[in-house]
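Please keep the sequence and the structure in view while reading.

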Amino acid sequence: MNKEYNKNLFIDLLEVLKNEVKPALGCTEPVALGLAVAEAYRVIEGKVSKINVKLSPNIYKNGMGVGIPGTSEKGLVFASALAITCGDSTLGLEVFANVDEASVEKAVELVKEDIIKIDIEDTKGNFYIEAEVVTENGKGLCIIKDKHTNIVFVQSNDEIIFQKEEPKGAEAGSSYGNLKEYSLHDIRYFVENVPYSDIEFMLEGVKLNMDIAKVGLKEKSGAGLGAAMELLLNDGEFQKNYINEARILTSAACDARMSGIKMPVMSSAGSGNHGITAIIPPTVVCEHMGYDDEKLARTLAFSHLTTSYIKVYTGRLSAVCGCSIAAGIGASASIAWALGGTNKQIEGAIKNMVASLAGMVCDGAKGGCSFKLATASSEAIIQAKLALANVFVSDFDGIVGEEAESTIRNLGKFCTDGMQAADSNIIDIMVHQ
């Protein structure tokens, strides 16, 4: 690599990490909705008479049944109401940080007024939120596109407060900067050579995500999967090893988050559950191996960057579970690297994961997500270990290509094109059951 290329590589990939690895309070789809409503209300204020929200299908799907942080309530309507009573749009993904008992009670009363309307908007792309808040002072409008915090338009009555110019001809994944221009080998080069001080902030996610996992175990939150597996482990039904430890902690963190526990997690590629999956399994492996903080930070950087690299091709949201086919793959690749894997073995871990989990569907964010995260977390370690033993799925096996990059491109095509009808059917089932 020439010096100029090195310079661009470090600038570009570090930017991805800074943009895509951020704390998030609550499931990021209803949180993004809350952000839009809170911003629309901020510019108009007054007594609310109507809230009209339009969402792209997958945001609707992911917000229907998930717990809202700091409350015992669920869903998009309540998230909209809570954004009015306590939402702070300056806090981004932590828009609900100021929730308290009084704001919850006010939100419940607002819901009872039946003034909140949520519609699906399927013509505005993969990620679209439009929130209109009508009050005695007029109308406030906020539009978010492409990623959870990307506000592109704000209007108060006839006055345009803010408008972001959208890049012409921008393709899916452009919000990940120049990541698509690089390869997995480039990601490895970055991880091994970037100054530790530049990526030390990766360790913040370890504390956040391990802390909420411990709360999930203690409180037996949500689906209670993590706590149930821990009980089986202690009873001798599960073998005590770091694979099962990763399963338990990953699912417990998801249990707590999906139930609405008011604790932030470190997200990855715009998703808190992605962050849980990308962080906890590699952390468990690194701790098991006795690695120091620097090795852990570099491992997590590998995990997050690979996760985002995959999301460039699969899209922010899709019919396939991103925790499995993005964050799970990122975790597996990083574990293979941390354990001394060659380029071929790291690529093998990625291809093995695609062969194992590519068909896992996303049927919305809810308590049951912990079951999927448990599968992804353990599979990430197992497939990394198999790859290190030179056990690889064959090239051109189904959607697996000759190289990891071509496999990821195939995965993207499968998620964005091949699963469109499945996604529509999933949403139809969820809405009408």
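This is a predicted model: local features need pLDDT of at least 70, side-chain atom pairs count only at pLDDT 80 or more; totals for chains, interfaces and linings use all residues.

## The open sheet

Six strands make up an open sheet of mixed pairing, in which the order is S3-S2-S4-S5-S6-S7. The edges are formed by strand S3 (116-120) and strand S7 (159-163), each of which pairs on one side only. With direction ignored, neighbouring strands of this sheet are turned by 10 degrees against each other on average.

Helix H2 (residues 28-42) packs on this sheet, where it touches S2, strand S4 (128-135), strand S5 (138-145) and strand S6 (151-156). The direction of H2 makes about 35 degrees with that of S4.

Strand S2 (residues 48-55) runs parallel to S3, to which it is joined by 5 bridges, and Asn-52 stands opposite Lys-117 in S3. S2 is also joined to S4, here by 7 bridges and in an antiparallel sense; Val-48 has Thr-135 in S4 as its bridge partner.

S4 and S5 likewise run antiparallel, with 8 bridges between them, and they form a hairpin in which 2 residues lie between the strands. One of the pairs here links Tyr-128 with its bridge partner in S5, Lys-145. Because 7 of the 8 residues of S4 are buried, this strand is largely enclosed by the rest of the structure.

## Two loop residues with positive phi

Most residues other than glycine have a negative phi. Glu-45, in the loop between H2 and S2, has a positive phi of about 55 degrees although it is not a glycine.

Asp-146, found in the loop between S5 and S6, is also a residue other than glycine with a positive phi, in this case near 75 degrees. Its relative accessibility is 38%, so Asp-146 counts as partly exposed, a class that lies between the cut-offs of 20% and 50%.

Helix H8 (residues 202-219) has 18 residues and reaches 27 Å from its first C-alpha to its last, which is close to the 26 Å expected at 1.5 Å a residue. Its buried residues are Met-202, Leu-203, Gly-205, Val-206, Asn-209, Met-210, Ile-212, Ala-213, Gly-216 and Leu-217. Just after H8, Lys-220 takes a positive phi of about 50 degrees.

H8 packs with helix H10 (residues 242-259) at an angle of about 80 degrees, the two axes being 7 Å apart. H8 is therefore roughly perpendicular to H10, since angles from 65 to 115 degrees are counted in that class. On the H8 side the contact is made by Asn-209, Met-210, Ile-212, Ala-213, Gly-216 and Leu-217, and on the H10 side by Ile-248, Leu-249, Ala-252, Ala-253, Ala-256 and Arg-257. Sorted by class, the residues of this contact between H8 and H10 are 9 nonpolar, 2 polar and 1 charged.

Where does Ser-377 lie? Ser-377 has its place in helix H15 (residues 369-388), and because its relative accessibility is 0%, Ser-377 counts as buried. When its neighbours within four places in sequence are left aside, Ser-377 is in contact with Ala-246, Arg-247, Thr-250 and Pro-281.

Technical notes:
Residues are numbered from 1 along each chain as its sequence is written. Side-chain values use heavy atoms; hydrogens and water are left out. Helices (H or I, at least four residues) and strands (E, at least two) are DSSP runs, numbered from the N terminus. The expected span of a helix is 1.5 Å times one less than its number of residues. Buried means under 20% relative accessible area, exposed over 50%, partly exposed in between (1.4 Å probe, protein chains only). Axes are lines fitted to C-alpha atoms, for helices over the stretch in contact, and angles run from 0 to 180 degrees between N-to-C directions. Angles under 35 degrees count as roughly parallel, over 145 as roughly antiparallel, 65 to 115 as roughly perpendicular and the rest as oblique. Contact means heavy atoms within 4.5 Å. Ala, Val, Leu, Ile, Met, Phe, Trp, Tyr, Cys and Pro count as nonpolar, Asp, Glu, Lys and Arg as charged, and the others, Gly among them, as polar. Two strands pair if DSSP finds at least two bridges between them.
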